[in-house]
Amino acid sequence: MESIDWSNLSFGYMPTDYNVRCTYKDGKWGDITVTSSQTFEIHMAATCLHYGQEAFEGMKAFRGKDGKIRIFRMDENAARLQSSCRGIMMPELPTEKFNEAILTVVKKNERFVPPYESGASLYIRPLLIGTSAQVGVKPAKEYLFIVFVSPVGPYFKEGFKPTPMVILRQYDRAAPLGTGRYKVGGNYAASLVSGEKAHAMGYSAVLYLDAKEKKYIDECGPANFFGIRGNSYITPKSTSILPSITNKSLMQLAEDMGMTVEVRQVPEEELATFDEAGACGTAAVISPIARIDDLDENKSYVFSKDGKPGPICEKLYHKLRAIQYGDEPDTHHWVTIVE
Ligand SMILES: *Cc1c(COP(=O)(O)O)cnc(C)c1O
């Protein structure tokens, strides 16, 4: 067996030993199967290829100091995948099946779960696609659920550091009553052009405004937004943002810390009043925001002048990671230990 250089992992795909699959046929889900193949054959008229019947999830497993493997908020990912399925007319995968698939793929690839000291983790990618042939616009009759895993390095290689983000008013990611609230591939296709443009200009991500009025903060390409003002944690309410499980967890931790949590529309001008701002999601937990430039309006909102994250971002980040790695007690029952 080749050895893995745990300290130099990136956030990319590394092949592992196994992935798990489950098919939906004749109105029901079959048994979970384990395979070493990294590919599959698919009908050229499959609905996932033409009409975007694809939903996915992103989650992580962590190895603790005690050597145990912990999976964070698995039931929440199962529920969100079910919501995405309802959103694009795919059959819901039952929570028990989802959990069985996740536990199986993690156990089978145990040797790829990075050691505690590395600060790395095992990224888990479930996806569900329509596979049967369809030419007219209609949902498929058959589906495939796959879960693969890949060890990933710590998101912040040079430490936990704020980065600049940008508002690009000529692009939208999702419509107010469209699919923004579902974790579907189509939303990502819609964000690629603006995302690449932002990267080329030296920004880490686009911060999208609401598509209808261009007045309120929506979210970043792959992460929710939050602002900190005094003792308040403020995060946008919108029908076009994906309900982040990291955001939900941070709201709980902020409340535990005695902060006030506000979930409501956040007008862009309010950015000027925030002491700190961040993007949150599974990949990084929190990406502190150094500055947001609204290029078309010639405005700039600065949250970090010294290149350091604010104290609340720092505290929330360390608290959540400590729970994920098992360094602090799991008082909210967020963690599943893989036995
Ligand atoms: C996955 C995702 C997030 C982050 O969700 P987490 O559950 O915290 O990982 C945020 N926004 C979008 C658009 C996403 O797809």
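Is phenylalanine 225 buried or exposed, and at what relative accessibility? I looked this up first: phenylalanine 225 is at 0% relative accessibility, so it counts as buried (buried is under 20% relative accessible area, exposed over 50%, partly exposed in between, with a 1.4 Å probe and protein chains only).

Ground rules for my notes. This is a predicted model, where local features need pLDDT of at least 70 and side-chain atom pairs count only at pLDDT 80 or more, while totals for chains, interfaces and linings use all residues. I number residues from 1 along each chain as its sequence is written, and side-chain values use heavy atoms, with hydrogens and water left out.

**Aromatic pairs.** I find 12 aromatic pairs in the structure (rings of Phe, Tyr and Trp, the last by its six-membered ring, with centres within 6.5 Å; planes under 30 degrees apart are stacked, over 60 edge-to-face, the rest tilted). One of them joins phenylalanine 62 and tyrosine 325 edge-to-face, at 4.9 Å centre to centre and 65 degrees between the planes. Phenylalanine 62 is in strand β5 (residues 59-63) and tyrosine 325 in the loop between α6 (311-324) and β18 (335-338), so this pair ties together parts 263 residues apart in sequence (helices, H or I, have at least four residues and strands, E, at least two; both are DSSP runs numbered from the N terminus). Both phenylalanine 62 and tyrosine 325 are buried.

Back to phenylalanine 225: I see it in a tilted pair with phenylalanine 274, 6.4 Å centre to centre and 35 degrees between the planes. Phenylalanine 225 belongs to strand β12 (residues 224-229) and phenylalanine 274 to the loop between β14 (260-264) and β15 (276-281), so parts 49 residues apart in sequence are tied together. Phenylalanine 274 counts as buried too, at 5% relative accessibility.

I also noted a cluster: Tyr24, Trp29 and Tyr143 are linked by ring pairs.

**Charge over a ring.** The charged end of lysine 108 sits over the ring of tyrosine 18, 5.3 Å from the ring centre (the cut-offs are NZ of Lys or CZ of Arg within 6 Å of the centre and within 35 degrees of the ring normal).

**Positive phi.** Which non-glycine residues did I look up for a positive phi? Arginine 73 has a phi of about 45 degrees. I place arginine 73 in the loop between β6 (69-72) and α2 (74-87), and it is buried, with a relative accessible area of 12%. Valine 285 has a phi of about 65 degrees. Valine 285 is in strand β16 (residues 285-294) and counts as buried at 4% relative accessibility.
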